[in-house]
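Dear colleague,

Please find below the structure that I am handing over to you. My findings follow after it.

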Amino acid sequence: MNEYVQAPQQDVVLSSRVRLARNYADIPFSGKLTKDDAQEVIRRTVQSVSQSEQGASFSFLRMADLSEDKRLEMIEHNIISYDMHKYAANGAALISSGQTITVMMNEEDHLRIQGYLPGLQVDRAAELAFGMDELFCAKRDIAFDSRWGFLTSNPTNVGTGMRASVIMHLPALASAGQMSAVVQAVAKLGLTIRGFYGEGSEARGNLYQLSNQVTIGRSEEDIFHSIAAAAEQVLEHERSLREKAEKTDMFKLQDTLLRSYGELCCARLMGSREFMRRYSDVRYAASMGYLHAPIPGLDALMMDMQSGSLAVGAGKILGEREREILRARLLRERLPKLVAD
Amino acid sequence: MMCDECGIRPANFHLTTITNGEKTERNLCPVCIAKYQKKIPGFDFSNLAGILSGLIEKKQGAKAEQADPETLAITCTQCGATYRDFQTSGKLGCAQCYKAFSKPLENLLGKMQGSSQHVGRIPDSVAGETSIRLNIDRLRMQLGKAVEEEEYEEAAQLRDRIRALSKKLEERAVASEGGSEHE
């Protein structure tokens, strides 16, 4: 019934992403960009992509043509960056049919090229992004300097212009109070880890994003290999803590996690904060084999239950309470179908 | 400009090294710069810039970075942005700003990222053949490292990429035989 394919290390890693920042050398950066400049960025970019072999598989969207909820839905599904909201007036995107490649235009930089894949596949996500990058770099108009590398609007991205990241589900590490040790360990590698949803030190759904801090002075491969290596280390740690929790008291662990499944299947009102907590438990349960649900299916469901996606599904702007009712109803319909008996 | 090392090939690369606080700048050709990389056994060239700027930073000490009025007034002739604008917004105005503000930016990036020298990819269009060759050299070094660490899957991928780039070089050579494309 379900056609979900498990990606590498998906019990712990939700997805891998590589983003490249590029600018046209002769057009002012985002801070000084005029409407005409923005139009020229779009014209050149669309032309490069549409003339390429894979051009036909991309669809073009102007942010200004989309409702706020529609943009939010795309952000929630990791198709475009969060900042596209801020740059909605001039922003546009080319999105590949499988949604694994996105070329964002007129964000903080003229171009943000994104490769995105489920599970731990940083190297393949990088391949996707670099494949696209070659299209633009084949022409002579990309801002590059042999000393500074790829020139970016914000110098914190200069050099490779690359941000590689993985989203990890770390419930066992979090409940064992070991996240601060993880933060310190990855910092030594020039990497950073923080909650993916939520503000400050909060990490809703126990979801964390591991990414590189350094963009200059290291090669691209060096950077994404260190991300992948650090992710492997963290996931081994997470797995061993999950096993330990099971060995300590399996019934207690099963009881805690599966009660959340019950809540999600029966609730009539489901707030976003509670939902993320329950989703984390259900995902944990599925990874341990306590619940026969495909993990990619759970992740897809989680993204669909975010506020922008709910509003797009409902076809109207929703209030807080309407959202809670709708979220609970959709969960009752969809979650049991994911679980095989 | 010819290569400072061999004097026979044109220099496409600029190498800056800092030893005991003394800066030496040299212009090298792709062949000589590749030799230079191999001369340092077991040394990861990709981190050279990082290590060097780490040394500079130590020398400078931990003085709080408050740009002087002269620096703040530097203006980019291309877009009109001043260094003060950059300090306020955190954003540069255009590609030329990197040239205009190169000194203060060098300091800033050295502190923030431990380096201000790019060691990664070079777009094919920038130096054509030279950049492909340099990319091949870089991948070969990684291949050596991968084999040493018995990462055979990675080594195979690197080998494929080297082959693809070598093929590109050959194609360029064939294409330019008829015409007169020269970098």
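Predicted model: local features only at pLDDT ≥ 70, side-chain atom pairs only at ≥ 80, totals over all residues.

The residues concerned are A:L264, A:F275, A:Y279, A:V282, A:L298, A:L301, A:M302, A:L331 and A:L335. Three helices of chain A, namely α8, α9 (295–304) and α11, each contribute at least two residues to the lining. The space inside the largest cavity comes to about 50 Å³, and the count of cavities of 30 Å³ or more is one.

The second largest pocket

The volume of the second largest pocket is about 1,500 Å³. Its lining is made up of 46 residues, and those nearest the centre are A:I75, A:Y82, A:D83, A:F196 and A:Q209. Several elements of chain A give two or more residues to this lining: the strands β1 (13–22), β8 (162–169), β9 (191–195) and β10 (207–212), together with the helices α2 (68–76), α8 (272–287) and α11 (320–338). By residue class, the lining of this pocket holds 11 nonpolar, 19 polar and 16 charged residues.

The interface between chains A and B

Contact between the two chains involves 41 residues of chain B and 42 residues of chain A. Together they bury an area of about 3,300 Å², and carbon and sulfur atoms account for 54% of this. On the side of chain B, the residues that lose the most area to chain A are B:Y98, B:Q113 and B:R121, which together make up 22% of what that side buries.

The elements of chain B that give two or more residues to the side touching chain A are α5 (97–100), α6 (102–113), α7 (124–127), α8 (129–148) and α9 (152–178). The largest share, six residues, is supplied by α6(B). That side of chain B divides into 15 nonpolar, 15 polar and 11 charged residues.

Salt bridges

Five salt bridges cross the interface of chain B and chain A. One of the salt bridges in the model joins B:K99 to A:D145, with 4.0 Å between the closest N and O atoms.

Over all chains, the structure contains 27 salt bridges. Among them is the pair A:D141 and A:R44, whose side chains meet at 3.1 Å, N to O. A:D141 is placed in the loop between α3 (122–137) and β6 (144–145) of chain A, whereas A:R44 belongs to helix α1 (residues 35–50) of chain A, so this pair ties together parts that are 97 residues apart in sequence.

With kind regards

Note on methods
Residues numbered from 1 in each chain as written. Chains lettered and ligands numbered in written order. Heavy atoms only, no water. Contact = heavy atoms within 4.5 Å. Buried area = accessible area lost by both parts, 1.4 Å probe. Helix = DSSP H or I, 4+ residues; strand = E, 2+ residues; numbered from the N terminus. Nonpolar A, V, L, I, M, F, W, Y, C, P; charged D, E, K, R; others polar. 1 Å grid on protein atoms, 1.4 Å probe; cavity = no way out; pocket = protein on both sides within 12 Å on 5 of 7 lines; lining within 4 Å. Points joined across faces, edges and corners; volume = space filled by probe spheres on them.
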